[in-house]
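Subject: Structure for you to look at

Hello,

Here is the structure I said I would pass on. Please open it first and keep it beside you while you read the notes below.

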Amino acid sequence: PEGGTVTLTEVKNGWELAHDVFMDFSDSLFGRILYWCFIHLFDGQKAVFEHANREVVFFKAQLEKVIT
């Protein structure tokens, strides 16, 4: 399973938009192998970061449409 949460928090000079994502690999030999491949062969952490960043940019644009 994978998913994420988006939070919008009021800060001193405006708002902060954050997106946390997660992936759950099973606690088995197969799950550990998949996790290792994801991290080491597919550069998964970078891919997840880039994907989450694209989503934050999209969410920000949608919020700005509503606010303005």
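Phe38 is buried, with a relative accessible area of 18%. Here buried means under 20% relative accessible area, exposed means over 50%, and partly exposed is in between (1.4 Å probe, protein chains only).

Some ground rules come next. This is a predicted model, in which local features need pLDDT of at least 70 and side-chain atom pairs count only at pLDDT 80 or more, while totals for chains, interfaces and linings use all residues. Residues are numbered from 1 along each chain as its sequence is written, and side-chain values use heavy atoms, with hydrogens and water left out.

Aromatic rings

Rings of Phe, Tyr and Trp (its six-membered ring) pair if their centres lie within 6.5 Å; planes under 30 degrees apart are stacked, over 60 edge-to-face, and the rest tilted. This rule gives 3 aromatic pairs. In one of them, the ring centres of Phe25 and Tyr35 are 5.4 Å apart and the planes are at 70 degrees, so this pair is edge-to-face. Phe25 lies in the loop between S2 and helix H1 (29–41), and Tyr35 lies in helix H1, so the pair ties together parts that are 10 residues apart in sequence. (Helices, H or I with at least four residues, and strands, E with at least two, are DSSP runs numbered from the N terminus.) Phe25 is partly exposed at 24% relative accessible area, and Tyr35 is partly exposed at 44%.

Phe25 also pairs with Phe38; this pair is tilted, with 5.6 Å from centre to centre and 50 degrees between the planes. Phe38 is in helix H1 and Phe25 in the loop between S2 and H1, so parts 13 residues apart in sequence are tied together.

Val48

Which residues does Val48 contact, leaving aside its neighbours within four places in sequence? They are Val21, Met23 and Phe38, where contact means heavy atoms within 4.5 Å. Val48 is found in helix H2 and is partly exposed at 24% relative accessibility. Val48 and Val21 are 27 residues apart in sequence, and their C-alpha atoms are 7.8 Å apart in space.

The strands

Strand S1 (residues 2–11) and strand S2 (residues 14–23) run antiparallel and are joined by 10 bridges. Two strands pair if DSSP finds at least two bridges between them. S1 and S2 form a hairpin with 2 residues between them. Glu10 stands opposite Trp15 in S2.

Salt bridges

Side chains of opposite charge can pair when their charged atoms come close. A salt bridge is a side-chain nitrogen of Lys or Arg within 4 Å of a carboxyl oxygen of Asp or Glu, and the structure holds 3 of them.

- Asp27 and Arg32 meet at 3.3 Å, N to O. Asp27 is exposed at 71% relative accessible area, whereas Arg32 is partly exposed at 48%.
- Glu50 and Lys46 meet at 3.9 Å, N to O. They are 4 residues apart in helix H2 (residues 44–67), about one helical turn. Glu50 is partly exposed at 36%, and Lys46 is partly exposed at 47%.
- Glu64 and Lys60 have their closest N and O atoms 2.6 Å apart. Both lie in helix H2, 4 residues apart, about one turn of the helix. Glu64 is partly exposed at 38%, and Lys60 is partly exposed at 44%.

Regards
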